[in-house]
Amino acid sequence: MRRPAVFIDRDGTISEEVGYVNHLSRYRVFPFAAEAVRLLNEAGWLAVLITNQAGVARGYFKEELIGEVHAFLAAELGRGGARLDAVYYCPHHPTAGEPPYRLDCDCRKPRPGLIRRAAAELNLDLEGSWMVGDRYGDVELAHNAGLRSALVLTGYGRGELEHQSHLWPRRPDLVAENLLEAVRGILKEGARCQVPGKDLSPPAPDTFFDE
Ligand SMILES: [Mg+2]
Ligand SMILES: [Zn+2]
């Protein structure tokens, strides 16, 4: 059976936005991250990390550092009883650096390559799945891949919402204070969809973006 996933952006969403994480010492996981991912684990949703890491193409750090950072993230989540089901990243950039990393790839967000790969490898129900991120590009990605989207106000989120959202051609389905609140909203929404005849009322206007 196909399962729904919550795709989670990395920098600014599950961990602090600090610019390029060019050394493990710069990487800081949000304190609420483990609880958020654990809620997904317990509810039977897949939790999948999706991140652009063009610092590799730009020559700011080696691709191996991404593995180190994700091992650290997995350990931090594990201490909170949580696990990611998969991690996908794009190390490319269309114009910076040298091949093979200088590449006009299909996996750099907001292009849907990573989501498509995950859907095939993990047998996902994309229609029931969500993307959670702190940038408008994550909302675009969700649209391009046929997912619903949640914008979190951590990282770039609050600023982008305040200063740029009037220019956005698309709206997130949900705006949440952080990843934990986003997951709570998504699971509540999922429960609404899966119980026929139960409460199908629209979500509370203060949590959903309805402009
Ligand atoms: Mg981000
Ligand atoms: Zn790529």
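**Group meeting: strands, crossovers and ring pairs**

Let's start with S1 and S2: they run parallel and are joined by five bridges, where pairing takes at least two DSSP bridges between strands. Helices (H or I, at least four residues) and strands (E, at least two) are DSSP runs, numbered from the N terminus. This is a predicted model, where local features need pLDDT of at least 70 and side-chain atom pairs count only at pLDDT 80 or more, while totals for chains, interfaces and linings use all residues. Residues are numbered from 1 along each chain as its sequence is written, chains are lettered from A and ligands numbered from 1 in the order in which they are written, and side-chain values use heavy atoms, leaving out hydrogens and water.

Aspartate 9 has isoleucine 50 of S2 as its bridge partner. Going from S1 through H1 to S2, the chain makes a right-handed β-α-β crossover; that means a clockwise path from the first strand over the helix to the second, with the strands pointing away from the viewer. S2, H2 and S3 also make a right-handed unit.

Now, the rings. Which residue forms an aromatic pair with tyrosine 27? It's phenylalanine 72, edge-to-face, at 6.2 Å centre to centre and 80° between the planes. Rings of Phe, Tyr and Trp (its six-membered ring) pair if their centres lie within 6.5 Å, with planes under 30 degrees apart stacked, over 60 edge-to-face and the rest tilted. Tyrosine 27 sits in the loop between S1 and H1 and phenylalanine 72 in H2, so the pair ties together parts 45 residues apart in sequence. Tyrosine 27 is buried at 4% relative accessibility, whereas phenylalanine 72, at 30%, is partly exposed; buried is under 20%, exposed over 50%, partly exposed in between (1.4 Å probe, protein chains only).
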